[in-house]
Amino acid sequence: MQDEPTPIELTKAVADFLRNDITPLISGHQAFKLRVAVNILDLVARQLMREEGSDAAEMERLRALLGMDGSVTDLNRALAERIAKGEVDLATPGLAEHLWQTTMDKLAVDQPSYASYKRELSRNR
Amino acid sequence: MIEAELSRSVVRWCEGATGVTAAARLSGGASQETWRFDIEHPDGPIGAILRRSPRGYGAAPTRAAGLAAEARLMQLAYEAGVPSPRVMHVLTPDEDLGTGFIMQRVEGETIARKILRDDEFAAARPLLARQIGGVLARLHKLPQDKLPELRHMTAAKEIGEFERDYRSLNWPKPVFELALRWLRDHDPGPSDEETLVHGDFRNGNLIVGADGVRAVLDWELAHLGDPMEDLGWVCVNSWRFGELDKPVGGFGSREEMFAGYEAAGRKVDAARVKFWEVMGTLRWGIMCGGMMQRFREGPDHSMERAMIGRRASETEIDLLRLLAPRGE
């Protein structure tokens with residue numbers, strides 16, 4: 001077991017430093033790049049926080065849908081192949097719900113301010 | 001140092017010109033550059049733009065029409081009254097500037113978020129959806145016998161290319177598979193009429209001023225095909241920049257765009273437009289994957305490119321909203 005602070009805490013500390021202390025010192029194209037860098041660190045922190053839980057739930061759904069076992073990558077590959085062959089489609093019980101949940105979990109990490117995501121999130125409540 | 005070559009060029013074809021100043025690189029990748037500069041002239045400086053592939057980057061990627069075709073299209077558009085910069089000069093090999101062309105600079109804004117938020121464009125915004133319809137109609141009416149050599153595309157051909165691109169990424173995405181199936185099942189077949197298609201007509205590729213659209217840019221993906229493709233692409237959610245309920249570039253409704261299109265004497269096929277919107281959403285998603293691949297494998301190891309890879313999921317949620325919408 002590794003020591004603490006956790007990767008989430010460390011990443012957040014760097015992001016906060018860049019955001020609060022460095023941003024005011026920089027302008028122009030470098031400021032744009034710095035904003036991208038801070039966004040990346042924020043994304044990494046969100047992923048570290050959520051990935052374990054969302055991957056476990058995704059695997060659970062994939063096992064039920066496909067009736068097979070494997071890593072989350074293998075199962076996604078298998079689902080992609082079955083959709084491509086037409087063996088699974090939106091009429092398949094559970095597919096639409098699975099794709100929606102998986103996609104919402106991705107947006108929560110990738111782009112939580114994306115308008116479509118915010119609209120769909122408000123539907124969940 | 002590009003100023004020296006540009007100066008030698010402009011004095012040859014721009015009467016009275018004495019040289020150039022203020023050359024600055026605007027954007028573009030390794031194979032295509034955009035520069036702004038001013039032509040010095042006794043009557044006052046003339047704002048100009050250079051678009052070029054530097055020497056050694058002559059070969060255009062398969063999908064691009066090529067800079068010579070782009071120059072020809074912009075000139076035709078300008079002559080037909082489609083808002084477009086005036087092409088001033090097509091580069092010749094002895095000028096040592098590579099291949100490309102020089103056009104007159106059109107003042108205005110191209111950054112989509114600014115056009116959608118800044119006060120300066122508040123009066124123009126409600127007019128833009130209808131105006132875009134009119135511009136597209138005029139663009140689709142450009143005389144075909146004057147067009148440069150362009151690729152002929154159909155939905156089936158494009159779906160095939162998307163699938164090949166997507167499979168080459170080795171990036172299994174169930175939502176993209178679903179979209180590919182849907183597209184194959186709903187392909188409306190070749191269009192009754194084939195016209196010029198701009199291929200990348202969207203918020204971000206338009207110069208907008210307080211009076212509305214001033215220029216249509218980036219003709220490099222122009223081809224011949226179903227005119228409804230352009231109407232669908234401009235509605236892809238990625239180009240609404242947060243204005244979810246204003247499908248036409250975040251400016252207004254499909255109905256407004258359709259009215260502008262039909263007022264300019266052309267017919268809309270709304271079902272085809274919807275098909276091309278799904279197609280466009282998947283197209284942008286696969287392009288995001290391409291960015292990820294180039295970030296990993298190519299020389300451009302930039303953070304921006306890496307982050308575009310993480311935007312594919314935006315197109316996945318938009319595809320689900322189109323293909324498997326949840327209840328209101």
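Visitor: At what angle do helix α6 and helix α11 of chain B pack, and how far apart are their axes?
Guide: The model is a predicted one. In chain B, helix α6 covers residues 174-186 and helix α11 covers residues 312-323. The two pack at an angle of about 45°, with their axes 10 Å apart.

Visitor: Are α6(B) and α11(B) parallel, perpendicular or oblique to each other?
Guide: The packing angle is about 45°. Angles under 35 degrees count as roughly parallel, and roughly perpendicular begins at 65. The relation of α6(B) to α11(B) is therefore oblique.

Visitor: Is the crossing of α6(B) and α11(B) left-handed or right-handed?
Guide: The handedness describes how α6(B) passes α11(B). For this pair, the crossing is left-handed.

Visitor: Which residues meet between α6(B) and α11(B), and how do they divide by class?
Guide: From α6(B) come V175(B), L178(B), A179(B) and W182(B). They meet E316(B), L319(B), L320(B) and L323(B) of α11(B). By class, this contact has no polar residues, one charged and seven nonpolar.

Visitor: Which helix supplies the largest share of the side of chain B that touches chain A?
Guide: The contact takes 30 residues from chain A and 24 residues from chain B. On the chain B side, α6, α10 (303-309) and α11 each supply at least two residues. The largest share, seven residues, comes from α11(B).

Visitor: How many residues of that side of chain B are nonpolar, polar and charged?
Guide: The count concerns the side of chain B that touches chain A. Its residues divide into 11 charged, three polar and 10 nonpolar.

Visitor: Why is chain B described as being as compact as a globular protein of its length?
Guide: Chain B contains 11 helices and nine strands. For its 328 residues the globule rule gives 20 Å, and chain B is as compact as a globular protein of that length because its radius of gyration is close to that value, at 20 Å.

Visitor: What percentage of the residues in chain B is buried?
Guide: A residue is buried if 20 or more other C-beta atoms lie within 10 Å of its own. Among the 328 residues of chain B, the buried share is 44%.

Visitor: Is P5(A) buried or exposed?
Guide: P5(A) lies in the segment before α1 (7-22) of chain A. It has 10 C-beta neighbours inside 10 Å, and a residue with 12 or fewer is exposed. P5(A) therefore counts as exposed.

How values were computed
Residues are numbered from 1 along each chain as its sequence is written. Chains are lettered from A and ligands numbered from 1 in the order in which they are written. This is a predicted model: local features need pLDDT of at least 70, side-chain atom pairs count only at pLDDT 80 or more; totals for chains, interfaces and linings use all residues. Axes are lines fitted to C-alpha atoms, for helices over the stretch in contact, and angles run from 0 to 180 degrees between N-to-C directions. Helices (H or I, at least four residues) and strands (E, at least two) are DSSP runs, numbered from the N terminus. Angles under 35 degrees count as roughly parallel, over 145 as roughly antiparallel, 65 to 115 as roughly perpendicular and the rest as oblique. A crossing is left-handed if the near helix is turned anticlockwise from the far one by less than a right angle, and right-handed if clockwise. Two residues are in contact if their C-beta atoms, placed from the backbone, lie within 7 Å. Ala, Val, Leu, Ile, Met, Phe, Trp, Tyr, Cys and Pro count as nonpolar, Asp, Glu, Lys and Arg as charged, and the others, Gly among them, as polar. The radius of gyration is taken over C-alpha atoms; the globule rule is 2.2 Å times the number of residues to the power 0.38.
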